[in-house]
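Student: I am new to this structure and would like a close look at a single part. Could you walk me through the surroundings of the ligand?

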Amino acid sequence: MDFPREISNRFRINGEFIDSKRWGSGNVNDTFLTTFRCNGRKKRFVHQRINHSVFADPVLLMENVRRVTDHLITKANGCRSLRLIDTEEGEWFACDDRGNYWRAYEYVEDTESPSYARDIQQAYEAAKAFGAFQRDLIDLPGPPLRETIPEFHHTRKRLDRFQQIVSDDPCNRIAEVREEIAYINEHRELAEWIEAKEASGELPQRVVHNDTKLNNVMLDRNTGEAVCVIDLDTVMPGLVASDFGDLVRSAAASAPEDELDLDKMVFRLDVFEALARGYLHSASSFLTPAELESLSLAPMILTLELATRFLTDYLEGDPYFKIGYPEHNLDRCRAQLKLLTSMEEQKVEIKEILERHSLKSS
Ligand code: GN1
Ligand code: MG
């Protein structure tokens, strides 16, 4: 889709629209980097269409996002933070004439959001930022945030739904993916393990991000330090293990999430070490012993979950994730399963690294 010109006038931006271009690599929303001339100078913004088939209630979602950004601005003490722009009517979203919901942010200049960790320091900074994000939201005032996607990281239910789609096989695709199906099913106990910990109350619900891909952190181009965390659509109550697991999945992989050459996809222990160090730097002050323990299986659980989601989407005819070509979701699934294998091979080291850094930061 193109950026609709009518949307450029809807937000309280005191300037004249110059141009827009597609931005980022999100699999769900449509994002545009827009340029305006404000008081004679160019200023950039991010306009985003919320995918309302994925997020059924964009108004509720924006209420969550507004509460979270407001609170984080108070924690930033005048430093750069993610800032929403309101509309001329004082709302946080605008609707176009096709029923789409839009929002706008100030663009955070001089930053980058890397899709893979170029070096250990980037991994460390990103993990520190996600830990700080959780810490800063512990005292979010008001009622609990609402669920924008119910049971988003309920891995066992994701597996059950996958089973259902496998037996329905709506697009006649299962013959070519029998190996992947078997592999996913063999790992079901990972999902049951975390479900039991959550059900027993051992793992508390906290405000977490739920979409902690490395490229959801903006890093300062000059200093390399994290400036802010972005993509707040799924910020809601959940488990810290989901955030840590998904961050590790995305950042410690040696190749993009849809890598075709599976030999290139391995789990990088040195990056993991930096992620664990960074995350625990910010989070060890509030994590319970059970939460700390959950971190070592979390990367495998989240990788299994995403592989399952990709394959489910493939079997259903790709209604959910944006695809670049017909087998894209299948390739994504295969790359995630390869990453899972590599994590399993290093699970002793993963546990040992976490234990070492938990002790250091306690
Ligand atoms: C989606 O659109 P993006 O890239 O922020 C998805 C995440 C997946 C990710 C995989 C709401 O996130 O859960 O981990 O793709 N977001 C939603 O790349 O489903
Ligand atoms: Mg997202």
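This is a predicted model: local features need pLDDT of at least 70, side-chain atom pairs count only at pLDDT 80 or more; totals for chains, interfaces and linings use all residues.

Let's begin with the contacts themselves. A polar side-chain atom of Glu-257 lies 2.4 Å from an oxygen atom of ligand 1. For Tyr-320, a polar side-chain atom is found 2.5 Å from an oxygen atom of ligand 1, and for Asp-211 the distance from such a side-chain atom to a ligand oxygen is 2.9 Å. On its own, ligand 1 has 440 Å² of accessible area, and the protein covers 95% of that.

Now for the place where the ligand sits: ligand 1 takes up the space of the largest pocket. Two elements, α7 (240-251) and α10 (298-316), are those that give two or more residues to the shell around ligand 1.

Who else is in this shell? There are 16 residues around ligand 1, and those that come nearest are Asn-27, Lys-213, Glu-257, Arg-309 and Tyr-320. Sorted by class, the shell holds seven nonpolar, two polar and seven charged residues. Both domain 1 (5-109) and domain 2 (120-361) take part, each giving at least three residues to the shell.

Note on methods: Residues are numbered from 1 along each chain as its sequence is written. Chains are lettered from A and ligands numbered from 1 in the order in which they are written. Side-chain values use heavy atoms; hydrogens and water are left out. A residue is near a molecule or strand if one of its heavy atoms lies within 4 Å of it. A polar contact is a pair of N or O atoms within 3.5 Å; within protein, one must be able to donate a hydrogen and the other to accept it, and residues adjacent in sequence count only if both atoms are side-chain atoms. Accessible areas come from the Shrake-Rupley method with a 1.4 Å probe; for residues, only the protein chains shown count as cover. On a 1 Å grid over the protein atoms alone, a cavity is a set of points where a 1.4 Å probe fits but cannot get out, and a pocket is an open set with protein on both sides within 12 Å along at least five of seven lines; lining residues have an atom within 4 Å of a point. A molecule sits in a cavity or pocket if more than half of its atoms lie within 2 Å of its grid points. Helices (H or I, at least four residues) and strands (E, at least two) are DSSP runs, numbered from the N terminus. Ala, Val, Leu, Ile, Met, Phe, Trp, Tyr, Cys and Pro count as nonpolar, Asp, Glu, Lys and Arg as charged, and the others, Gly among them, as polar. Domain bounds come from an automatic or database domain assignment.
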